[in-house]
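Student: I have a model open and would like to learn how to read its features. Can we go through them one by one?

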Amino acid sequence: MKYADIIVDISHEDLDKTYQYLIPEQLRDRAVIGAQVLIPFGKGNRQIKGFIIGLSDKPKWKEDAIKPITALAEDALVMESQLISLAGWIKDTFGSTMNEALKTVLPVKRTVKQKENRMIKAALPKEELVIILETERKKNNKGRVRLLEALIRTPSLDYNWVIDTLRLSLTTIKDMEKLGIIEKESSVLYRNPIKETSSTGRTIVLTPPQQEIVEDFLKEYREGTRQTYLLHGVTGSGKTEVYINIIEEVVSTGRQVIVLIPEISLTYQTVLRFYQRFSDRVSIMNSKLSQGEKYDQYIRAKNGDIDIIIGPRSALFTPFQKLGLIIIDEEHEGSYKSENPPKYHARETAIERARLCDASVILGSATPSLESYKKALDGEYKLYRLTDREGKRQMPHIWTVDLREELKARNKSIFSRKLKTLIEERLQRKEQVMLFINRRGYAGFISCRSCGLVLKCPHCDISLTSHNGGKLICHYCGYEENFPEKCPSCGSKYIASFGTGTQKVEEMARKEFPAARILRMDMDTTRKKGGHEEILSAFAKGQADILVGTQMIVKGHDFPKVTLVGILAADLSLYAADFRASERTFQLLTQAAGRAGRAELPGEVVIQTYQTEHHSVVCAGKGDYEEFYNQEMVYRKLMSYPPASHIMAVLIASKEEEKALKASELLTNALKQWEEREELLEYHVIGPAPARLSKANDIFRFCFYIKEEDYKRLVAAKDFLDGFYRFSEEFQGTQVQFDFDPMNS
Ligand code: ADP
Ligand code: ZN
Ligand code: ZN
């Protein structure tokens with residue numbers, strides 16, 4: 001390429017602001033995206049540094065007005081240029097614009113002011129406060145009493161804490177300030193999202209299998225081997241302990257570590273374990289942090305004030321200067337795939353970032369994604385296993401209950417006879433129960449209550465979903481049929497769309513077990529900030545006997561008193577209209593079962609299902625990951641779904657339904673013509689059809705899919721479609737997005 005688009009200030013808000021420079025002949029093969037260059041800039045042709053973020057053969061101005069790049073900067077591989085080349089890679093791999101990719105890897109907002117850290121301090125010595133406290137008590141000034149008591153314990157308090165927790169009014173604070181009892185103070189501080197500092201943790205001696213993994217990894221790490229590892233360890237096998245021991249050594253060599261954990265598992269309990277070991281060298285990131293707080297974390301990382309960052313997907317772009325290791329815990333989680341452009345997957349992106357800065361990657365899971373496990377078996381990743389829990393903590397015993405049998409026995413309750421008996425036992429023994437309702441991915445599938453049959457698309461082996469009552473449609477290929485009056489398999493009339501909400505489960509549980517104390521956790525009860533944490537900790541403290549919840553309850557916390565986990569309808573997630581439905585179900589069942597018996601008390605699990613023979617249910621019941629993998633891979637191969645092949649979703653959205661449909665057809669037709677013109681092999685196109693979310697915010701959405709084994713060919717198709725869409729007038733008012741190997745479509 002002849003010309004380079006260069007940004008001179010990556011902190012600039014407007015990342016589109018680039019300048020075009022000529023690449024001198026002798027630099028052409030080294031001037032890649034992300035490279036740092038020296039360029040003449042402005043009127044005086046001052047030499048400044050910039051980054052190449054794009055390359056082209058077309059001049060944007062008169063050719064002789066374009067200045068040449070002076071040189072490649074010597075320190076061409078600093079962290080910034082690594083992140084910029086990562087953005088280039090994201091753009092090419094996941095089909096976004098460079099601007100979208102840059103905004104993802106450089107979430108820098110310099111406009112945010114540093115937050116003042118306001119404090120309330122005692123203006124008088126403790127003895128005097130004690131005297132004042134007595135008088136205020138007599139006067140029954142409750143607010144003042146609360147503040148004085150707190151100040152006697154700690155002479156300097158966080159202003160917001162005083163307002164929020166002590167519930168003091170602004171007037172009270174002002175009055176006390178006027179009386180000279182307190183004073184306000186403010187200072188600019190870096191905000192540390194972890195407030196409490198307790199560094200007393202019990203010391204854990206690694207088990208021999210844990211020790212072996214730690215030693216093997218560190219041996220390779222010291223020798224300079226950098227690669228991707230997959231740690232497949234059953235639930236509760238001590239993966240986190242392994243991470244912590246490895247991190248300790250990596251950090252001691254002067255390199256930094258990023259730990260990705262799904263947001264839902266970022267509970268206080270998890271974070272505390274890292275904090276106890278690394279105290280203020282570790283920092284936490286989560287979506288609840290303000291922009292300013294996030295920015296502080298970035299600055300602290302960049303300045304070398306911290307060595308470890310723990311956070312969800314976006315923490316991957318923390319600007320550490322010498323990154324040594326990236327850990328992705330629960331690597332199978334769907335939340336590692338971004339739902340907005342750039343629709344990148346954190347796993348692949350982490351591996352690319354690690355490659356750029358000579359780091360290793362550890363992927364950990366009790367239920368690895370098929371993608372990762374396949375790569376481990378193919379030798380691309382090194383596989384570690386932890387097959388047991390430590391000491392007395394045994395894997396739980398799992399019962400699978402056939403709901404069809406319950407119906408035959410005239411038990412119409414949502415609790416099977418087995419589950420009911422076991423719950424009653426727990427209530428008597430004062431142990432705890434978790435009831436798990438599998439609602440994720442639930443999309444209005446249609447099933448027979450008598451035989452469990454689920455209606456599927458004859459072409460895609462994906463559940464049909466009911467749209468606006470009447471028709472059943474396949475959102476992959478658009479196949480349609482009428483809502484049947486009878487079950488095509490057994491003739492029963494009990495055929496309906498199926499769903500049981502958490503609220504209903506809670507109600508039923510109250511009826512069935514009137515003496516039990518019940519907590520519910522779902523989107524409704526956790527909406528407010530910290531609600532999630534509050535419910536979990538109430539349950540951990542034994543303030544309830546039964547916790548009812550969605551997949552939210554299966555993550556993060558250890559509840560030593562939970563000895564029974566009931567999975568009410570294992571099938572629900574099986575019928576999500578998604579080729580990953582079986583995998584997700586297997587993962588959810590395994591993770592939910594893993595909640596039982598995490599401490600000394602042995603655990604039991606009841607899986608209720610209509611599909612006792614389904615491989616997700618059978619294999620989760622046996623705790624047999626390998627068998628699940630083998631069976632599921634047969635299906636993926638047969639249907640050419642990932643990881644046997646690749647698939648790209650093209651989403652077309654418009655305010656007008658007509659337009660969206662028309663645009664979808666234009667694109668698929670254009671693709672066909674392009675194939676013929678270029679004499680390419682044919683692409684396998686499915687659709688277009690209404691997307692699963694066929695209308696959102698009054699925007700109509702259509703979707704089509706391309707299946708293709710060769711990822712590069714998929715990218716080529718994307719480039720073609722992208723160009724076609726950008727340069728045709730007919731697409732005015734429509735938006736097109738690409739999603740490679742989708743997770744949630
Ligand atoms: P995972 O991440 O695989 O789910 P954890 O690391 O959270 O497992 O460990 C599960 C529980 O077992 C934790 O309470 C942890 O403290 C405990 N644990 C892990 N390894 C050991 C060990 N070697 N000795 C004692 N307890 C351990
Ligand atoms: Zn039937
Ligand atoms: Zn179909």
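Student: In which sense do strand 23 and strand 24 run, and how many bridges join them?

Tutor: The general idea comes before the case. Strands of a sheet pair through backbone hydrogen bonds, in either a parallel or an antiparallel sense. Here strand 23 and strand 24 run parallel, and four bridges join them. One bridge to look up is that of M521, whose partner in strand 24 is G549. Keep in mind throughout that this is a predicted model.

Student: What is the order of the strands in the open sheet of six?

Tutor: The order is 16-26-25-17-24-23, and the pairing is parallel. Strand 16 (397–402) and strand 23 are the edges; each has a single partner strand, so one side of each lacks a neighbour in the sheet. From one strand to the next, the twist averages 15 degrees.

Student: Now a strand by itself. Which residues of strand 9 point one way, and which the other way?

Tutor: In a regular strand the side chains alternate between the two faces of the sheet. In strand 9, T228, L230 and H232 point one way, while Y229, L231 and G233 point the other way. Both sets are buried, and strand 9 (residues 228–233) is mostly covered, with six of its six residues buried.

Student: Which strands pair with strand 9, and over how many bridges?

Tutor: Strand 14 (residues 360–365) is joined to strand 9 by five bridges, and the two run parallel. Strand 15 (residues 382–386) also pairs with strand 9 in the parallel sense, over five bridges. For a position to check on each, L231 stands opposite G364 in strand 14, and G233 has L386 as its bridge partner in strand 15.

Student: Let us turn to helices. Which residues of helix 16 are buried?

Tutor: An α-helix has 3.6 residues a turn, so residues three or four places apart point the same way. In helix 16 (residues 531–540), the buried residues are H532, I535, L536 and F539. They lie on the same side of helix 16, because the arc they cover around the axis is only 95 degrees.

Student: What do those buried residues of helix 16 pack against?

Tutor: They pack against strand 23 (518–521) and strand 24 (546–549). Strand 23 is the edge strand named above, and strand 24 is joined to it by four bridges. Just after helix 16, G542 has a positive phi of about 80 degrees.

Student: Which residues are buried in helix 18, and what covers them?

Tutor: In helix 18 (residues 615–622), S616, V617, C619 and A620 are buried. Their cover includes strand 16, helix 17 (581–593), strand 26 (604–609) and helix 19 (625–639).

Student: Which residues come nearest to ligand 1?

Tutor: Of the 15 residues around ligand 1, those are G238, K239, T240, E241 and E390. Helix 8 (residues 239–252) gives the most to this shell, with three residues.

Student: What do the totals for the protein look like?

Tutor: Its secondary structure comes to 21 helices and 30 strands. Of its 745 residues, 43% count as buried. Among contacts between residues at least 6 apart in sequence, 72% join residues at least 24 apart.

Technical notes
Residues are numbered from 1 along each chain as its sequence is written. Chains are lettered from A and ligands numbered from 1 in the order in which they are written. This is a predicted model: local features need pLDDT of at least 70, side-chain atom pairs count only at pLDDT 80 or more; totals for chains, interfaces and linings use all residues. A residue is near a molecule or strand if its C-beta atom, placed from the backbone, lies within 6 Å of it. A residue is buried if 20 or more other C-beta atoms lie within 10 Å of its own, exposed if 12 or fewer, and partly exposed in between; C-beta atoms are placed from the backbone. The arc is that of the directions from the helix axis to the C-beta atoms. Two residues are in contact if their C-beta atoms, placed from the backbone, lie within 7 Å. Two strands pair if DSSP finds at least two bridges between them. Axes are lines fitted to C-alpha atoms, for helices over the stretch in contact, and angles run from 0 to 180 degrees between N-to-C directions.
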